[in-house]
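The tour goes stop by stop, with a selection at each.

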Amino acid sequence: MVAPQLSPTAPGNRKTMNRRHSLVLLGAAALFAAAQPTVSHAQSSSGEPIRVGEVNSYTGLPAFTIPYRQGWQLAVEEVNAAGGLLGGRKLEVVSRDDAGKPDDAVRVAQELISNEKVALLAGTYFSHVGLAVADFAARNKVPFVAAEPLTDAITWTKGNRYTFRLRPSTYMQASMLVEEAATLPAKRWATVAPNYEYGQSAVAWFKQLLKEKRPDVEFVAEQWPVQGKLEAGPTVQALAATRPDAIFNVTFGADLAKFVREGEGRGLFRNRPVVSLLTGEPEYLEPMKDEAPEGWIVTGYPWDQIDTPEHKAFRDAYQKRFNEPPRQGSVVGYATFKAIAAAVEKAGSTDPEKLVDALSGLSLTSPFGPITFRALDHQATMGAYVGKTIVKDGRGTMADWRYADGANYLPSDEAVRKLRAE
């Protein structure tokens, strides 16, 4: 694979750099208070619980973070039911809400380390929040397992010894989609993405990687709506006016639903392929019900169709525990805390430096299969499912999917070393 360059600057205010999603659901604070009850934090006895400080945007994005929390709760319950860690010590989580704000995330991280005496930090959703906690972790020499933020910077240009990331990055998922997009006859492409770091980075990587595989393609239009404020009519009209052969979409949540509805009504997607990041995740696809798009090439999670032993065991346990199907967030939360438990056992200690050494190169089995936190850049090799959207039984789902192993969608070791050195 060609060595990547630093993400090109896309239109927009660069003060919003390194932000993952910024969807805010008002009124959720009263429903989803994230703080967990705490107990004595004395660590003098070998029988004391092993405490993990968990930080996430529960009040800001409950559609993802509540399934995520249920996922890590299931993992912790399984670890403790199996006898705990290090000869019987229970795994305990002290959780805090970061309100989607970097300053709040750093403040609660400090409180978790200083007052709650946690052994390590985990979580975060938004990219700018994840980067703030990663910087805090490096300055305070405390391990941090970033669960969800997708910014490439967290493991590359701003990577550090103490930070590890679970999910496949923007670069990795763009690479997965480019593999499919390059086979299409389309030469003229248009893009639509939210105007902040996540959307800008996704478009930049998609354009660069697609041109590497298909030098004949050109990008004839770009639309950069403000996240959560997409004006669907003008956006669709502007895209249609350029007569593209295909569209790359990065909108999600309510913006995605509006874009799909308006695009269908105006015929934007008729005989025109759409390649779309994250749209196959049930958090975003299923709420559209029978209005979900059909035939889009997407990354996602066909939770009801994956029958590998590791996924079936996870899905059955999750449904039994919470009486609902898992979401992408559920897998992320579960795998994050299974990784933490495996690292503690491998380290044989809660010493921060030993935990970092244990996480570096750590391998474990996730609901998606075996994954490894690479020693080179601390990026996990967890992949994503790539397929096409369909409507079945009145809801959106995925068909013709395959699992794209994250290990196959990373740049060369030489390119990563260069990025981490910059």
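Start with Asn56. Leaving aside neighbours within four places in sequence, Asn56 is in contact with Thr65, Tyr68, Arg96, Asp97, Asp98, Gly123, Thr124 and Tyr125. Asn56 is found in strand β1. Its relative accessible area is 2%, so Asn56 is buried. Keep in mind throughout that this is a predicted model.

**Stop 1: along β1 to Arg51**

Stay on the strand and select Arg51 and Glu116. They form a salt bridge, with the closest N and O atoms 3.3 Å apart. Which parts does the pair tie together? Arg51 lies in strand β1 (residues 50–56) and Glu116 in the loop between α2 (102–114) and β3 (120–123), so the bridge ties together parts 65 residues apart in sequence. Arg51 counts as buried, at 1% relative accessibility. Glu116 is buried too, at 8%, because buried here means under 20% relative accessible area.

**Stop 2**

Now select Arg139 and Asp135. Their closest N and O atoms are 2.9 Å apart, in a salt bridge. Both residues lie in helix α3 (residues 127–140), 4 residues apart, about one turn of the helix. An α-helix has 3.6 residues a turn, so residues three or four places apart point the same way. Asp135 is partly exposed, at 40%.

**Stop 3: a bridge between loops**

Go on to Glu148 and Arg167. Their side chains meet in a salt bridge of 3.0 Å, N to O. Glu148 lies in the loop between β4 (144–146) and β5 (163–165), and Arg167 in the loop between β5 and α4 (170–181), so the pair ties together parts that are 19 residues apart in sequence. Glu148 is buried, with a relative accessible area of 1%. Arg167 counts as buried at 2%. For a network, select Arg51, Glu92, Arg96, Glu111 and Glu116: salt bridges that share partners join them into one. Across the whole structure, a search finds 26 salt bridges.

**Stop 4: the nonpolar core**

Select Leu121, Trp189, Phe206, Leu210, Val275 and Phe337. These have the most contacts inside the largest nonpolar core, which has 133 residues. Helix α10 (residues 328–347) gives the largest share of this core, 11 residues. Then look around Leu121.

Select residues 62–81, helix α1. It has 20 residues and reaches 27 Å from its first C-alpha to its last, close to the 28 Å expected at 1.5 Å a residue. Of the 20 residues, 15 are buried, so α1 is largely enclosed by the rest of the structure. Gly83 follows α1, and its phi is positive, near 115°.

**Stop 5: aromatic rings**

The structure holds 23 aromatic pairs. In one of them, the ring centres of Tyr196 and Tyr198 are 6.5 Å apart and the planes are at 40°, so the pair is tilted. Both Tyr196 and Tyr198 are buried. Next, select Tyr301, Phe368, Tyr385, Trp401 and Tyr403, which form one aromatic cluster.

Finish with two arginines. Arg69 lies over the face of Tyr58, 4.8 Å from the ring centre. Arg161 lies over the face of Tyr162, at 5.7 Å from the ring centre.

Terms used:
Residues are numbered from 1 along each chain as its sequence is written. This is a predicted model: local features need pLDDT of at least 70, side-chain atom pairs count only at pLDDT 80 or more; totals for chains, interfaces and linings use all residues. Side-chain values use heavy atoms; hydrogens and water are left out. A salt bridge is a side-chain nitrogen of Lys or Arg within 4 Å of a carboxyl oxygen of Asp or Glu. Helices (H or I, at least four residues) and strands (E, at least two) are DSSP runs, numbered from the N terminus. Buried means under 20% relative accessible area, exposed over 50%, partly exposed in between (1.4 Å probe, protein chains only). Contact means heavy atoms within 4.5 Å. A nonpolar core is a set of buried Ala, Val, Leu, Ile, Met, Phe, Trp, Tyr and Cys residues joined through side-chain atoms within 4.5 Å. The expected span of a helix is 1.5 Å times one less than its number of residues. Rings of Phe, Tyr and Trp (its six-membered ring) pair if their centres lie within 6.5 Å; planes under 30 degrees apart count as stacked, over 60 as edge-to-face and the rest as tilted. A charge sits over a ring if NZ of Lys or CZ of Arg is within 6 Å of the ring centre and within 35 degrees of the ring normal.
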